[in-house]
Amino acid sequence: MTFFNLARKNAWRKPLRTLLLMVSIAVAFLIYGLTASFLSGTQGAAGASDDLLGVTSAAGRTQPLPMAALSRLAADPDIAAVGYIARLRGFVDVEKNVVAVSAADPDRLMAVNGKALGLTPAAIAAISGARDRVLVGRALAEAQGWTIGRRVAITAFDTPRQDGGRDWRFEIAGIFEGENAATDTYFMIARYDYVNAARARGQDSVDAFVVRPRAGVSPGKLAARIDALFANSATPTRTQSERQFLEAFLRQYADVGLIVNLVVGAAFVTLLMIVVNTMVFAVRERTFEIGVLKTLGFSRRRIIALILGETLFVFAVGGGIGLVLAKLATTLAGPALGLVFSASVLAKALAIIVGLGLATGALPAFNAMRTPIIKAFRTR
């Protein structure tokens, strides 16, 4: 009988109780895995760039910028490449099935952010063949069941066409993969010249310019200089990194980080109370056996280690199941929902498993250590 086997057998002394504890722990870590993955994905912890700059209107994201600003940005010697984006939001078939379209110049987009999006020269050539062709992100293509060559219709929410309709028809010319799993690919890339010529309002304007600084140029200083360049114009700008932009966008609605911490904290505090209470009673039931172990020569340290090993075993199994379920959920639905189960999420989860395992076992282990042998034998 090894030390680990003894701790494991003690944990399974009452299988139903242990199983219920593991289920509770698994649910708590499933909640943690999903919420932490959401925070990691939406706040760009795994995929957002600090070097890529977005130039938007200082009046807000919904206010357009004139295309004329492009030449002033391109003339800056510290800017390696500059592109632009006009956004079109709509739905396919039903209003709940929302699809985002980014209208851009393909060549400029390739120069600015082609690597991160996983764009290739072949994909750019494919979209250049006809003005109504689009590139679809892998996540969006899989969610909608779209394939290359298919024609799709996007019903726009707020971008009507000059003919009075709201249906935008595109032909899928290619699928872009993204640089890695953290890259958002749940959108389409359309040609700006097609959207700009057909829309009823907002012609020759963009929602944002995308700027890549030259090597060695501080993004923060360049952002300040760009805003100073347009400070006295009719359309002053606000320039932010991609990471700053995503975080600011989320803070418009709520402090997501605080909400996640409160939800996870409440789940773990409740779990801690349940497991501590259960372990105290479980160890109290074995008071006589603890007295026998002490009689056989088990030291106080070994008694503490035995009980802590028991709680760690329960947390390791339950937490492991919860994390595996969270990983499966992010793999299946992550691209569409922006969930990224990163290495940092896993590392924090493992640290929490160890911390909670030690914390819940501390009180019953301390009580077992202080129990005199004679008092333990009197319980039989």
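Student: Which residue in strand 10 does L53 stand opposite?

Tutor: In this predicted model, strand 1 covers residues 53-57, and strand 1 pairs with strand 10 (residues 208-213) in the antiparallel sense over three bridges. Within strand 10, the residue that stands opposite L53 is V211.

Student: And which residue in strand 11 stands opposite G54?

Tutor: Strand 1 also pairs with strand 11 (residues 237-241), again in the antiparallel sense, and here the pairing runs over five bridges. In strand 11, the residue that stands opposite G54 is Q240.

Student: How many of the five residues of strand 1 are buried?

Tutor: A residue is called buried when its relative accessible area is under 20%. Strand 1 is largely enclosed by the rest of the structure, because the number of its five residues that are buried is four.

Student: Is R191 buried or exposed?

Tutor: R191 lies in strand 8 (residues 188-191), and, leaving aside residues up to four places away in sequence, R191 touches a set of residues including A103, P106, I127 and R133. The side chain of R191 also makes a polar contact with the side chain of D193, at 2.7 Å. Because its relative accessible area is 14%, which falls under the 20% cut-off, R191 counts as buried.

Student: Which backbone oxygen does the side chain of S37 reach?

Tutor: S37 sits in helix 2 (residues 15-42), and S37 is buried, with a relative accessible area of 0%. At 2.6 Å, the side chain of S37 reaches the backbone oxygen of G33.

Definitions and conventions: Residues numbered from 1 in each chain as written. Predicted model: local features only at pLDDT ≥ 70, side-chain atom pairs only at ≥ 80, totals over all residues. Heavy atoms only, no water. Helix = DSSP H or I, 4+ residues; strand = E, 2+ residues; numbered from the N terminus. Buried < 20%, exposed > 50% of the residue type's maximum accessible area, 1.4 Å probe, protein only. Polar contact = N/O pair within 3.5 Å; in protein donor to acceptor, adjacent residues only side chain to side chain. Contact = heavy atoms within 4.5 Å. Pairing = 2+ DSSP bridges.
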